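Have a look at the picture, then read on, one part at a time.

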Amino acid sequence: MPHRLPSYLHTLRKQWGLSQPDLASLLGVTGSAQCRFENLSRRPSAELIIGAEVIFGHGPNEVFPAFYHDIERAIVDRARSQVARLESRTDPASRDKLRLLTEIIERASQTTLDL
Amino acid sequence: MSRSKAAGLVLAVHPAARGFGWALFEGEMVPVGWGVASAKGNKSAECMRRFEKLLNQYRPSALILENFAKETSRRGERIRTLAQTMRGFANNRDMDVLVYSREEVGTSVCRNTKATRYAVACAVADRLPLLRRELPRPRKYWEQKDDRQCLFDAAALGITHYTLTRPRS
């Protein structure tokens, strides 16, 4: 999916012929809360994100791409500042940390290219 | 959460007597949202309220409507005015607004300019399996039009848009 919508919860629900009350009862939330999650007037909770993956088999980057990318962007910014601090260090622990941080930044730039 | 205007989202809308059908496309043959907005009481005002809600929720870059202004169109005055109001509303939001005639829809979806709306709906259901379960059964002559028919009219407009704007190789 090219991910142009901020949330695909509505699309997946309709794709499988579920009504809002059907999905709300599967997720264990009220109908109005589920409606707010669907139109993104409320940030999805951890229960909702995991519940959506259990129900539809799609990860958070596919069901809530906007939310996922907001978090990803924030983590990448923090990783960049940590990289700047670690670059001068040569000890093995710092090298390992640096490798992980570089991978985080590369993975994020790859998902941005995929969009 | 970032909610910028999503480039490339196309919203096709088909106003009818008891509301309007809508289909949102992310790309050719990729519907990501669809539904029928029913309206009672002050139907035009209610339709506009629902239409505005859709635009706020999805922020599409283009609106597709059927050309009701054509002389051959048999739409009622209220629905023509409603379509015109939707068009103006979308224009004010800097959206591209495109209108296609029923003949263009028939040609693009069924290869038949005189295809009935139900034949078009069946062709849409064939092309977009996600919508298949929404297809109403054929209408008996004494029955009124199924509300879900306008959903297929909207989806057919979306298919027409992508067919007619597809770059020719």
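## Chain A from end to end

Start at the N terminus of chain A and walk along: the elements come in the order α-α-α-α-α-α-α. In other words, chain A has seven helices and zero strands. Keep in mind that this is a predicted model.

## Where the two chains touch

Now bring in chain B. The contact between the chains draws on 16 residues of chain A and 15 residues of chain B. On the chain B side, the elements giving two or more residues are β2 (19-27), β3 (30-38) and α1 (43-58). Which of them gives the largest share? That's β3(B), with three residues.

What kinds of residues does chain B bring to this contact? Sorted by class, its side has seven nonpolar, five polar and three charged residues.

## A hairpin in chain B

Two of those elements, β2(B) and β3(B), also belong together as a hairpin, with two residues between them. Look for M29(B) in the turn: its phi is positive, at about 65°.

The two strands run antiparallel, and eight bridges join β2(B) to β3(B). To see one pairing for yourself, find A23(B); its bridge partner in β3(B) is W34(B).

## Two helices that cross

Further along chain B, let's look at a helix pair. Two packed helices are described by the angle between their axes and the distance between the axes. For helix α4 (residues 117-127) and helix α5 (residues 149-165) of chain B, the axes come within 9 Å and cross at roughly 65°. Angles of 65 to 115 degrees count as roughly perpendicular, so α4(B) is roughly perpendicular to α5(B). Is the crossing left-handed or right-handed? For α4(B) and α5(B), it is left-handed.

Which residues meet here? From α4(B) come R117(B), V120(B), A121(B), V124(B) and R127(B).

Definitions and conventions: Residues are numbered from 1 along each chain as its sequence is written. Chains are lettered from A and ligands numbered from 1 in the order in which they are written. This is a predicted model: local features need pLDDT of at least 70, side-chain atom pairs count only at pLDDT 80 or more; totals for chains, interfaces and linings use all residues. Two residues are in contact if their C-beta atoms, placed from the backbone, lie within 7 Å. Helices (H or I, at least four residues) and strands (E, at least two) are DSSP runs, numbered from the N terminus. Ala, Val, Leu, Ile, Met, Phe, Trp, Tyr, Cys and Pro count as nonpolar, Asp, Glu, Lys and Arg as charged, and the others, Gly among them, as polar. Two strands pair if DSSP finds at least two bridges between them. Axes are lines fitted to C-alpha atoms, for helices over the stretch in contact, and angles run from 0 to 180 degrees between N-to-C directions. Angles under 35 degrees count as roughly parallel, over 145 as roughly antiparallel, 65 to 115 as roughly perpendicular and the rest as oblique. A crossing is left-handed if the near helix is turned anticlockwise from the far one by less than a right angle, and right-handed if clockwise.
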